[in-house]
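Me: Please take a close look at the aromatic rings in this model and at the nonpolar packing that goes with them. A plain account will do.

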Amino acid sequence: MEAAIWAGSSSFLLSYWSNSGYSTTFTLGTGQTTLDIEYANYSTSSVTITATCSSPTVASNDSDKARAVQSIGSRLVARQSSTSISDATNSAITGQLFGAPAGLKPSLPPSNLGGPGAPERADRLIADDSADDRSYLGGDARMRPSFAPRSQVRVGNLNFWSEARGTGILDRESGSGGISGGQLNVTSGVGLQVRPGLVVGALTSFEHLDYEFRSLGGTLKGSGYSGGLYVGGKIVPSAWYTLVGTYTRLGYDVTAGSAAGSFNADRWMVSGTVAGRMPLRGGAAYAEPSANLLYVRETQAAWRDTLGADQSGRTFDEGRFSVGSKIAKDMRIASGLLTPHVGAYADYYFGHNSDVPTGIDGLGINHNWSLRTVAGISLAMDDGYTIKLDGSIGGIGDNVQTYSGRASFTTRF
């Protein structure tokens, strides 16, 4: 005979009654929904077979939680990694366009502002500046006390730069709820100034992530590598644009309770920025307003967890529109230029992500507005090296805040 049982059942009970009772239990394999039974009756008496099905024993709730960790966690990772790459590249482009690290325009030391030979020194320095820069600084270049020409910080046609950024979570949830952990992104690139006011380049990036989702009893870990191209140029002497495009290949490891598994993913990112620079109070200080639009699309492969549940492949979109400004002030020191800066930006996150299992909280990874603040300091040496340190807190006004610190190094050839 053949007996059909409930889909997803894990056991089948066969009871055979004769002069002495007999029973046995059959356990189904992964994905098995039917059990064929053959019985040979060599007696003349009738035989009664009773079959009952037990409830499934697969912990499907853990599989759902693993899916939620995948869905929520990979969105968080995509946000942080794409922001890290975009910010690092924009900083490098701006520094090369203006001959100083992002947001810097060196001030003339007092010794170069007056006295015998000052006009001649100004003529000699201005010879290395483009007409665009003279227009940007405004008026007779010999009379400008606030900004030094680019030759005060040595500029070459080729820049090598590298930035390391660490990001962590400031979650309002306490106890057993919320998210903890963080990730590291290291981005490096080479930029070529093909002509004054136009930079093209290539970049590579590495990311490593380790997050814990306490309310889901899960973790998301992984690493990946990126490669991409970028371009930046002056729109007018005091404003510029940047465009960045990257491809990332990465692998994830997911756990949630007794469910675990691994899968690979492909991520595409494009970022565009328009920014400007406006001198404040004579030019030693300046504001740098900017607007950035960032878009990410990630495709993840299908996988099967350790409980036998098949997790289908998925694709999600994530983006951010950011607008704000930073304020900086140049301070000339013996061997270079020291520039502290502070800033604030409004970020709006948007995207499509509807595959979190029903009844599982999104843990505050939302699509809405939040505030981000930044502060840091840059040191541009006269010999062509630049070091920059800064930190930021994002997600202010949202359920989950992030904090990050980054350090960058640039050298010119």
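Reply: What follows goes from the ring pairs to the charges over rings and then to the nonpolar cores. The model is predicted.

There are nine aromatic pairs in the structure. One of them joins Tyr247 and Trp268, with 4.8 Å from centre to centre and 50° between the planes. That angle makes the pair tilted, because stacked is kept for planes under 30 degrees apart and edge-to-face for those over 60. Tyr247 belongs to strand β10 (residues 239-256) and Trp268 to strand β11 (residues 259-276), so the pair ties together parts 21 residues apart in sequence. Tyr247 has 30% relative accessibility and therefore counts as partly exposed, whereas Trp268, at 54%, counts as exposed.

Ring pairs also link Tyr252, Phe263 and Trp303 into a cluster.

Two rings have a charged group over them. The charged end of Arg79 sits over the ring of Tyr349, 4.0 Å from the ring centre. Likewise, Arg277 places its charged end over the ring of Tyr286, at 5.3 Å from the centre.

Tyr252 comes up again in the largest nonpolar core, which has 23 residues. Tyr252 is among those with the most contacts inside this core, along with Ile179, Tyr211, Phe213, Leu220 and Val254. Elements giving two or more residues to this core are α1 (60-98), β8 (198-213), β10 and β11. The most comes from α1, which gives six residues. Another core, of 18 residues, lies apart from this one and includes Leu203, Trp240, Leu294 and Phe316.

Notes. Residues are numbered from 1 along each chain as its sequence is written. This is a predicted model: local features need pLDDT of at least 70, side-chain atom pairs count only at pLDDT 80 or more; totals for chains, interfaces and linings use all residues. Side-chain values use heavy atoms; hydrogens and water are left out. Rings of Phe, Tyr and Trp (its six-membered ring) pair if their centres lie within 6.5 Å; planes under 30 degrees apart count as stacked, over 60 as edge-to-face and the rest as tilted. Helices (H or I, at least four residues) and strands (E, at least two) are DSSP runs, numbered from the N terminus. Buried means under 20% relative accessible area, exposed over 50%, partly exposed in between (1.4 Å probe, protein chains only). A charge sits over a ring if NZ of Lys or CZ of Arg is within 6 Å of the ring centre and within 35 degrees of the ring normal. A nonpolar core is a set of buried Ala, Val, Leu, Ile, Met, Phe, Trp, Tyr and Cys residues joined through side-chain atoms within 4.5 Å.
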